[in-house]
Every structure is written in structure tokens, then in C-alpha cells.
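Please consider each point with the structure in view.

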Amino acid sequence: MASPTHTSSADAPSTDTSCCSPAATSTPDTSTTDVSRGVQEYYGATLSSSADLRTDACCDASSVPQALRPLLARIHPEVLSRYYGCGLVVPPLLEGLRVLDLGCGSGRDVYLLAQLVGASGAVVGVDMTPEQLAVARRHQQHHAEQFGFANVEFLEGRIEQLDQLPLEPGSFDLVISNCVVNLSADKLAVLNGVRRLLKSGGEFFFADVYADRRVPEALRHDPVLYGECLSGALYWNDFLRLARQAGFADPRLVSDRPLEITDPELAARTGAIRFFSATYRLFHLPELEDACEDHGQAVIYRGTIAEHPHALPFDKHHWIEAGKVFPVCGNTFRMLEGSRLAPHFSFIGDFSRHYGLFEGCGTALPFDGPAAATSATSGACC
């Protein structure tokens with residue numbers, strides 16, 4: 001996340017914003033206001049740059065693709081120094097899109113995406129931390145001169161209260177967030193707000209921190225662990241339940257990496273809990289089912305996306321080679337056919353037949369351990 005500009009998640013500093021059990025859907029003792037104040041103080045006053053962070057949870061450790069490095073080089077140094085993201089939220093095919101960045105902070109991702117959507121697109125950043133927004137706004141003219149056009153806007157507000165901002169429902173092609181949702185005290189409200197703002201076929205493409213279990217109540221009230229994006233992290237399965245409750249029936253994991261807590265004091269507090277940085281994509285498509293069903297369908301990727309001429313890494317389990325007939329479940333078929341990706345595919349089959357559950361769907365921990373392979377597999381649907 002660029003900055004914990006808001007704290008929104010159905011379970012304040014907790015990972016139980018799940019929708020499967022009463023514990024998951026209930027509101028924690030810590031109020032949304034208290035959580036917001038704590039996050040504002042941590043990112044507005046306690047931290048002066050990314051070097052002040054005590055873990056790598058809210059700091060991007062992934063390598064930046066070569067093609068994006070020149071774009072980052074055009075972003076003002078002060079904006080870059082106040083970046084606290086945990087992943088890279090740059091899906092392909094962005095030209096001309098209208099994009100919303102939740103928890104934009106000092107604006108690094110906004111200014112990066114502004115170059116990718118181009119003069120015909122627009123990027124809106126939302127954050128609740130005045131200090132971070134001041135940095136972002138201070139350099140708007142600088143970036144307009146660098147890019148040759150002005151297509152960004154910054155709004156102050158909370159990501160769990162998107163309906164209170166001057167944003168039209170169904171007006172965004174893409175919503176992104178970089179390590180912010182875990183800082184929210186009402187995660188379900190965030191997801192509901194995102195779905196309301198997305199166009200049909202649009203997607204929420206975001207990086208965040210997750211835990212392999214529900215974080216204990218005592219840790220959820222630890223201001224440092226919360227500010228470091230750890231104790232507000234959702235148990236991964238609770239996140240999936242919340243996403244489905246908000247209308248995103250089939251969340252897709254794009255990538256993940258285990259987080260190492262190198263600070264001995266913080267490591268002692270978190271104990272055996274394992275944390276992961278993970279990127280998900282959630283499509284706003286009402287027709288999606290709650291399981292991967294087999295309708296005998298397939299797709300052929302045409303290899304026409306410039307960054308991916310040989311294969312498209314759609315998600316962690318879909319490495320779709322160009323020119324090859326690739327069997328898919330009904331949900332994947334709909335995601336590809338009903339989104340901006342459609343022109344780059346040929347589609348085989350319809351929904352007139354049903355062959356049961358698509359093979360390969362599982363319910364185990366989806367993240368890789370430190371020694372696990374990270375490449376996507378082909379031929380499996382989910």
C-alpha cells in the first residue's frame with residue numbers, strides 16, 4: 001500500500017473479518033475511529049520514510065519489471081521515499097482506463113499508473129492521511145510536466161466510506177490497493193464499496209498481507225504490529241469468505257510470498273503465526289459461481305498483449321500459452337470473456353452442458369512456503 005490512508009475492513013485490526021462464522025462477521029472491540037487514528041499517527045507522524053519500517057510486510061520486496069523502471073524513474077524522489085507498499089499492482093491493458101487507488105499515500109502507484117493509462121485515462125487516489133496527501137499533491141505539477149498531461153486527482157477520505165466521496169457508482173474499470181486493506185477496521189465495507197464503484201467486468205487488483213490463522217485479539221491492539229501491516233491481516237480463508245459475501249464469488253490469487261519478521265521483538269510477539277504478502281484479483285461479474293464448474297469450455301490466447309507475447313499469467317494457476325487450446329472452468333471463461341481481456345482470446349463452448357466440478361480445485365493453504373516454487377502451473381483451473 002502506498003500509505004495506510006484509511007482503515008477499512010470488516011474487522012478492524014483483526015483477521016477475523018470473515019463471513020463464515022459469527023466471529024468473522026462481528027465487529028471487534030477496537031472501534032473504527034480508534035484504528036483510523038492509530039494508522040494516521042503511524043503513517044503521518046511515526047514514519048518519515050520507508051526506512052523507518054521494522055518489517056518487510058509493508059515494503060515491496062519484489063523486483064520491479066524492467067519495463068516499469070523508466071516510469072518509476074520519472075516519479076519525484078520524495079514520493080518514492082514515502083512509499084509503503086507490499087506488492088506490485090500493475091495488471092496489463094491499462095491504456096485509457098479509469099483507475100481508483102485505495103490508500104494512495106504519497107502517490108507512487110497513482111503516478112506510475114497515470115503513465116500507463118495515458119492521457120485518455122485517469123487515476124484517482126484516496127487516502128485519509130493528510131501528511132501523505134500533502135506530498136502527493138505537492139508534486140502534481142511536476143508530474144504533469146514530466147508526463148505531458150495531467151490525469152490524476154487526490155481525495156481525502158476513508159476507504160471504508162467510499163460512498164461519502166464524490167465518486168459515481170460503476171465509474172471505474174479498475175480499483176487497486178497496495179497493502180492498505182489490512183489496516184482497515186471494516187474490511188467488508190471496503191469490499192462492498194469497491195464493488196459498488198466498479199463497472200461490470202471491472203476488477204479489484206490488489207496486494208495485501210494475510211495470515212495462516214486468525215490473529216489473537218491481544219495482538220490486534222498492538223499499535224506497532226498493526227501499523228506494520230501484521231496484526232490487522234486477515235486469516236486468508238476469512239478473506240475469501242468476506243470477498244464472496246461482498247459479491248466477488250471467485251477471488252483469484254495472482255502471486256504471493258512469505259514475509260519474514262526480522263525484528264526480534266516483533267517476531268517474539270507474533271510467535272508461530274505465518275504472514276504472507278499476496279496479490280488477488282476480484283472480478284465484478286454477477287454471473288460467477290461459488291465453485292469452478294466444468295462446462296466443457298476452453299480458450300485460446302492470441303498472444304496479442306504486448307507484455308505477454310508467449311503466455312499470459314492470468315493468475316497463479318493459469319499460465320495460458322499463446323495459440324494453445326486451454327480448458328477452463330465456467331468462471332474463468334466468464335472472467336476472460338466479460339472483461340477487457342476478451343479481445344485477446346478466442347472462446348470455445350458455451351454453458352449448455354455441465355460435467356460437474358472442474359478438476360484441480362482445492363481448499364488448502366494457497367500460499368507458497370519459503371522453499372516452494374513460484375511459477376504458475378498450466379492446465380489447472382484453480
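1. The side chain of Asn 151 reaches the backbone oxygen of Gly 118, at a distance of 2.9 Å. This value, like the others in this note, comes from a predicted model.

2. Where does Asn 151 lie? The residue is placed in the loop between α7 (140-147) and β3. Buried residues are those under 20% relative accessible area; Asn 151 has 9% relative accessibility and therefore counts as buried.

3. The surroundings of Asn 151 extend beyond Gly 118. Leaving aside residues up to four places away in sequence, Asn 151 touches Ala 114, Val 117, Gly 118, Gly 121, Ala 122 and Val 123. One of these neighbours, Val 123, is also among the residues with the most contacts inside the largest nonpolar core.

4. That largest nonpolar core comprises 47 residues. Alongside Val 123, the residues with the most contacts inside it are Val 99, Tyr 111, Val 152, Phe 154, Val 209 and Phe 275. Two or more residues are contributed by each of α3 (69-73), α5 (108-117), α6 (130-138), β3 (152-156), β4 (172-178), β5 (198-211) and α10 (223-227). Of these elements, α5 gives the most, with 6 residues. In soluble globular proteins, nonpolar side chains tend to be buried together.

5. With residues up to four places away in sequence not counted, Phe 275 touches Val 209, Tyr 210, Ala 211, Val 215, Leu 230, Ala 233, Pro 258, Leu 259, Ile 261 and Thr 270. A second, separate core holds 37 residues, among them Leu 100, Leu 197, Leu 253 and Phe 276.

6. How do helices α8 and α11 pack, and at what angle? Helix α8 (residues 187-197) and helix α11 (residues 236-245) have axes 9 Å apart and meet at an angle of about 40 degrees. The two helices are therefore oblique to each other, and their crossing is right-handed. At this meeting, α8 supplies Lys 187, Leu 188 and Leu 191, while α11 supplies Leu 242, Ala 243 and Gln 245.

7. Some totals for the chain complete the note. The chain contains 13 helices and 13 strands. Of its 382 residues, 58% are buried. Among contacts with a separation of 6 or more, 81% are between residues 24 or more positions apart.

How values were computed: Residues are numbered from 1 along each chain as its sequence is written. This is a predicted model: local features need pLDDT of at least 70, side-chain atom pairs count only at pLDDT 80 or more; totals for chains, interfaces and linings use all residues. Side-chain values use heavy atoms; hydrogens and water are left out. A nonpolar core is a set of buried Ala, Val, Leu, Ile, Met, Phe, Trp, Tyr and Cys residues joined through side-chain atoms within 4.5 Å. Buried means under 20% relative accessible area, exposed over 50%, partly exposed in between (1.4 Å probe, protein chains only). Helices (H or I, at least four residues) and strands (E, at least two) are DSSP runs, numbered from the N terminus. Contact means heavy atoms within 4.5 Å. A polar contact is a pair of N or O atoms within 3.5 Å; within protein, one must be able to donate a hydrogen and the other to accept it, and residues adjacent in sequence count only if both atoms are side-chain atoms. Axes are lines fitted to C-alpha atoms, for helices over the stretch in contact, and angles run from 0 to 180 degrees between N-to-C directions. Angles under 35 degrees count as roughly parallel, over 145 as roughly antiparallel, 65 to 115 as roughly perpendicular and the rest as oblique. A crossing is left-handed if the near helix is turned anticlockwise from the far one by less than a right angle, and right-handed if clockwise.
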